[in-house]
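Me: Please take a close look at one helix pair in this model and at what surrounds the pair. Give the cut-offs along with the values.

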Amino acid sequence: MSFSFELSTEDKRRLAFLRVRDAAFDAITSLWHIRKAEGLSQKAIGEALGRDPAWVSRNLTGPANWTMKTFGEFVEALGGHATITVTAKESMSVGNYDIYSDCDDDTSVVLEPIELTLTRPIGAIVVSLQAPNDSPIVTPKAVAYAG
C-alpha cells in the first residue's frame, strides 16, 4: 500500500525554515559543547555579546526565536566560522545505506524488544522495536527509520 500527499506552498516554506533553523541550532550547540568542555561559560558568552546570561541560557536551550542575527552572534562568541550551502533538490541523491552489504545472505540478527528515548531540549523521540508476545524477532536484516 502506498500513499502520497502534497504540502501547500506555505507548509513547504515553514518546513524549509524549520530545517534551516534547526541546522543552525544543532551547529551552534555542537560548538557550544566543545567550548564548554574547554572551560567557556554561558556568563562569558553573555559578556562577549553584551547580553544577559539568562538570554544565553534560553537560546542555547532551544531555537524558538532565533534569527540570522542570533546565529551570527553565537558563531562569533563561540569563535566559530559558519558556511552555508544551498543545493538544488534535483541534484541531491537520497540513497539507502545498507549496513549488511558486506555480509553473507544467511546472516541473521536477533532483535530483542527495546525502547530507546532520544531527548532534545524540547520534546523527545521514542524509537521502539516490538516483538510479538515479547519474544525475540529473528530477521536477516534489521532496519530502523526515524523521520
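Reply: Helices α1 and α3 are oblique to each other, because angles under 35 degrees count as roughly parallel, over 145 as roughly antiparallel, 65 to 115 as roughly perpendicular and the rest as oblique. The axes of α1 (residues 9-37) and α3 (residues 53-61) cross at roughly 120° and come within 10 Å. Such axes are lines fitted to C-alpha atoms, for helices over the stretch in contact, with angles running from 0 to 180 degrees between N-to-C directions.

The model is predicted: local features need pLDDT of at least 70 and side-chain atom pairs count only at pLDDT 80 or more, while totals for chains, interfaces and linings use all residues. Residues are numbered from 1 along each chain as its sequence is written, and side-chain values use heavy atoms, with hydrogens and water left out.

On the α1 side, F25, I28, T29 and W32 meet N59, L60 and T61 of α3; contact means heavy atoms within 4.5 Å. The residues of this contact divide into four nonpolar, three polar and no charged. In that count Ala, Val, Leu, Ile, Met, Phe, Trp, Tyr, Cys and Pro are nonpolar, Asp, Glu, Lys and Arg are charged, and the others, Gly among them, are polar.

I28 and L60 also belong to the largest nonpolar core, which has 16 residues; they are among those with the most contacts inside it, together with I45, W66 and F74. A nonpolar core is a set of buried Ala, Val, Leu, Ile, Met, Phe, Trp, Tyr and Cys residues joined through side-chain atoms within 4.5 Å. Two or more residues come from each of α1, α2 (42-49), α3 and α4 (68-77), and α1 gives the most, with five.

W66 touches R21, A24, F25, I28, N59, F71 and F74, not counting residues up to four places away in sequence. R21 lies in helix α1 and, at 18% relative accessibility, counts as buried (under 20% relative accessible area; exposed is over 50%, partly exposed in between; 1.4 Å probe, protein chains only). With neighbours within four places in sequence left aside, R21 is in contact with P63, A64 and W66.

As for the whole protein, four helices and four strands make up its secondary structure, in the sequence pattern α-α-α-α-β-β-β-β. Helices (H or I, at least four residues) and strands (E, at least two) are DSSP runs, numbered from the N terminus. Of the 147 residues, 20% count as buried.
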